[in-house]
Amino acid sequence: MPQTAIELSAIEKRYAAHTALAGVSLSIAPGEFVALVGPSGSGKTTLLKTINGLVAPDAGSVRVLGEDAGVVPVHILRRRIGYVFQEIGLFPHLTVAENVAITPRLLGWEPARIAARIDSLLGLVDLPREMANRLPSALSGGQRQRVGVARALAAEPKIMLMDEPFGALDPVTRDQLGTDYRALHEQLGLTTVMVTHDMSEAVLLADRIVVLKAGVIVADGAPGHLSAQSLDPDVRALMDAPRRQAERLAARLSESAA
Ligand SMILES: Nc1ncnc2c1ncn2[C@@H]1O[C@H](COP(=O)(O)OP(=O)(O)OP(=O)(O)O)[C@@H](O)[C@H]1O
Ligand SMILES: [Mg+2]
């Protein structure tokens, strides 16, 4: 097994006059669960997309499982890297089963193998089998997100990139999906990079938190270590948010119980 699952070296990406990534280097070990956080527009989605080749960097290099991502054929990258989109991204005119089967079909799997894979994936993400023939419009938001995860896992990738996968869900469903996904990450031995706006989610789910600000990594470390270590006031505020919120909640609840 390669030493690193994902290796980004000095990545730069510009859109016309705007610099989205200004020299990002990041090394992620096999099996790590990384949360990528930062303000809107800081370059999180752009960074994810450089990993799976949806965005070509202007400078720098990307290595995936020890190989230069710039030279690996795109269908091989697709099999190695699952991607859950920021907007749910299911095709509305395709059933659940057809959505999940997209990558296996592209890879030319036999129909029987695809059917078996759909069946096992629905089980894996805890969706009832009878939902296989429904259209996405006949599912709840949380169920659609589970289909998104199943689809990304279809070709047995070793790496999962998830762009705010559980955004726009109620807190209970979000919590459940996050916990379920973390269990899948362990069970399948995945390497995961998950973009989230929710610091509590990042702290609870990830082994490591990477903070982007204006296209630069301004903090990188285990959840318990980031806050004290950072010189950046925005990072300290971000990292302190879950603790402050927990303290305020505890104070409020004991107040109203008294
Ligand atoms: N295709 C594009 N063309 C031009 N500018 C782009 C393009 N994609 C992204 N950008 C710009 O690059 C910057 C980073 O965008 P990106 O989508 O990576 O941010 P983000 O951190 O994912 O934000 P959000 O939290 O809102 O999803 C933004 O200023 C954005 O407007
Ligand atoms: Mg984004």
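**Close-up views of the predicted model**

**View 1. Phe 33 is a buried residue, with a relative accessible area of 0%.** The model shown in this and the following views is predicted. The count of aromatic pairs comes to 2.

**View 2. Tyr 83 and Phe 85 form an edge-to-face aromatic pair.** The ring centres are 4.6 Å apart, and the angle between the planes is 70°. Tyr 83 counts as buried because its relative accessibility of 10% is under the 20% cut-off. Phe 85, by contrast, is partly exposed, with a relative accessible area of 33%.

**View 3. The charged end of Arg 113 sits over the ring of Trp 109.** The distance from this charged end to the centre of the Trp 109 ring is 3.6 Å.

**View 4. The largest nonpolar core comprises 45 residues.** The members that touch the most other members are Val 100, Val 149, Met 160, Met 162, Tyr 181 and Ile 209. Helix H6 (residues 141–153) gives the most to this core, contributing 5 residues. Another core, of 27 residues, lies apart from it and includes Leu 77, Ile 81, Val 195 and Leu 212.

**View 5. The surroundings of Met 160 are shown with residues up to four places away in sequence not counted.** On this basis Met 160 touches Gly 82, Val 84, Val 149, Ala 152, Leu 153 and Tyr 181, and also Leu 190, Thr 191, Thr 192 and Val 193. Among these partners, Val 149 and Tyr 181 are, with Met 160, listed among the core members that touch the most others.

**View 6. Thr 95 is found in the loop between strand S6 (81–84) and helix H3 (96–100).** Although placed in a loop, Thr 95 counts as buried because its relative accessible area of 14% is under the 20% cut-off. With neighbours within four places in sequence left aside, Thr 95 is in contact with Ala 132, Asn 133, Arg 134 and Leu 135.

Technical notes:
Residues numbered from 1 in each chain as written. Chains lettered and ligands numbered in written order. Predicted model: local features only at pLDDT ≥ 70, side-chain atom pairs only at ≥ 80, totals over all residues. Heavy atoms only, no water. Phe/Tyr/Trp six-rings, centres within 6.5 Å; stacked < 30°, edge-to-face > 60°. Buried < 20%, exposed > 50% of the residue type's maximum accessible area, 1.4 Å probe, protein only. Lys NZ or Arg CZ within 6 Å of the ring centre and 35° of its normal. Core = buried A, V, L, I, M, F, W, Y, C linked by side-chain atoms within 4.5 Å. Helix = DSSP H or I, 4+ residues; strand = E, 2+ residues; numbered from the N terminus. Contact = heavy atoms within 4.5 Å.
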